[in-house]
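Take a walk through this structure, one piece at a time. Begin inside, then move to the sheet and the helices beside it.

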Amino acid sequence: MKIFRGFHHPGIANACALTIGNFDGVHRGHQAMLALLNSEAAHRGVESCVLTFEPHPRDYFAGVHNKPELAPARVGTLRDKLTELARCGVQQTVVLPFDARLAAQSPEAFIDEVLVRGLGARYVLVGDDFRFGRQRAGDYAMLDAAGQTKGFDVARMNSYEVHGLRVSSSAVRQALAAGDMEAAARLLGRPYTISGHVVHGRKLGRELGATAGGAGDGFRTLNLRFAHWKPAASGIFAVLVHGLAAGPLPGVANLGVRPSLDPNDVNGGRVLLETHCLHWPADLGPEGAYGKIVRVELLHKLHDELKYDGLDALTQGIAKDCADARAYFASAQAHNHTETRRQTTRDRI
């Protein structure tokens with residue numbers, strides 16, 4: 001998939017089938033829309049293209065009005081959004097900076113400057129609640145009328161439902177806020193995942209719970225920065241880590257701001273996903289993970305973040321989290337084994 005910041009770049013397609021939106025989480029409703037987009041693009045012999053925005057428009061207006069509560073919790077990072085768009089077969093994504101100029105642009109100017117001259121849209125697919133332009137004055141009817149005069153087709157996709165529940169980024173946020181990772185996975189069509197480069201921290205984890213010999217083999221963590229101050233999920237989770245070994249590694253992770261640690265540390269003030277692998281790959285050594293891109297699946301929430309009274313209490317808390325994560329994986333493995341036996345029995349019958 002080709003990725004462009006803005007549309008004034010060589011290599012951008014001169015014609016496309018286009019959809020527009022924030023695509024936070026790239027959930028099953030988004031996936032259905034992208035499948036239709038790819039089909040329409042192939043039918044017309046043009047590239048499929050997603051136009052998305054960074055920051056989220058509601059983030060921008062929350063900053064303008066100094067009302068952080070208006071900003072939506074973020075399901076995924078830009079990296080994860082682009083990864084999922086590529087997995088869905090999108091050929092081109094344009095990330096348009098949402099700034100004062102774009103916020104003030106009239107719907108008519110947006111159609112002319114962005115859709116027609118900027119992206120060469122031949123087909124535009126939008127959701128049933130799509131609005132655009134200054135003060136959200138543009139709607140589907142306006143877009144459809146413009147398409148008839150400017151030479152592009154317009155289509156609208158109705159809501160996508162799973163078991164009677166409308167799939168939306170808001171529904172995913174609600175599931176993650178409640179710690180219901182199974183519900184989030186049903187809406188997303190996959191486990192909730194965060195990926196990124198492993199960055200350096202204080203290296204305190206390897207000292208906590210280390211052996212008496214001082215080997216530094218305590219609760220070593222993989223630190224990933226979540227590049228938004230308001231993640232939709234937070235707390236302590238049983239996880240699977242991909243990208244360090246031949247198969248996924250079970251672990252326990254903290255997503256949040258680490259209330260028990262000094263806020264002035266190297267990652268102070270940043271949201272981190274700190275993951276301790278229950279079985280560290282021996283061939284990596286103590287420093288081998290830094291700089292690698294890993295993908296962490298958050299499978300089961302153990303509890304909210306806790307503030308511990310001192311490092312000893314923190315160490316005991318992490319040890320309990322590790323034990324609870326091991327119990328979760330053992331239970332999941334036993335359940336899967338039972339389901340396999342049942343399926344084998346049904347097949348024989």
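The largest nonpolar core has 36 residues. Such a core is a set of buried Ala, Val, Leu, Ile, Met, Phe, Trp, Tyr and Cys residues joined through side-chain atoms within 4.5 Å. Buried means under 20% relative accessible area, exposed over 50%, and partly exposed in between, with a 1.4 Å probe and protein chains only. Leu176, Tyr192, Val241, Leu244 and Leu298 have the most contacts inside this core. Elements that each supply at least two of its residues include helix H7 (169-177), helix H8 (181-188) and strand S14 (293-303). Helices (H or I, at least four residues) and strands (E, at least two) are DSSP runs, numbered from the N terminus. H8 gives the largest share of the core, five residues.

This is a predicted model: local features need pLDDT of at least 70, side-chain atom pairs count only at pLDDT 80 or more, and totals for chains, interfaces and linings use all residues. Residues are numbered from 1 along each chain as its sequence is written, and side-chain values use heavy atoms, with hydrogens and water left out.

Now look at Leu176. Contact means heavy atoms within 4.5 Å. Leaving aside neighbours within four places in sequence, Leu176 is in contact with Val75, Met181, Ala184, Tyr192, Ala232 and Ala233. A second, separate core has 29 residues, among them Phe53, Ala103, Phe130 and Phe152.

Next comes the sheet. Six strands form an open sheet in the order S9-S14-S11-S12-S13-S10, with antiparallel pairing. Two strands pair if DSSP finds at least two bridges between them. S9 and S10 stand at the edges with a single partner strand each, so one side of each has no neighbour in the sheet. S10 and S13 run antiparallel, joined by four bridges. Leu224 stands opposite Leu273 in S13.

Strand S14 also holds Glu297. Is this residue buried or exposed? Glu297 counts as buried, because its relative accessibility is 11%. Its side chain makes a polar contact of 3.4 Å with that of Arg295. A polar contact is a pair of N or O atoms within 3.5 Å; within protein, one must be able to donate a hydrogen and the other to accept it, and residues adjacent in sequence count only if both atoms are side-chain atoms.

Finish with helix H2 (residues 57-64). Its buried residues are Pro57, Asp59 and Ala62. They pack against strand S3 (47-54). Asn66 follows H2, with a positive phi near 55°.
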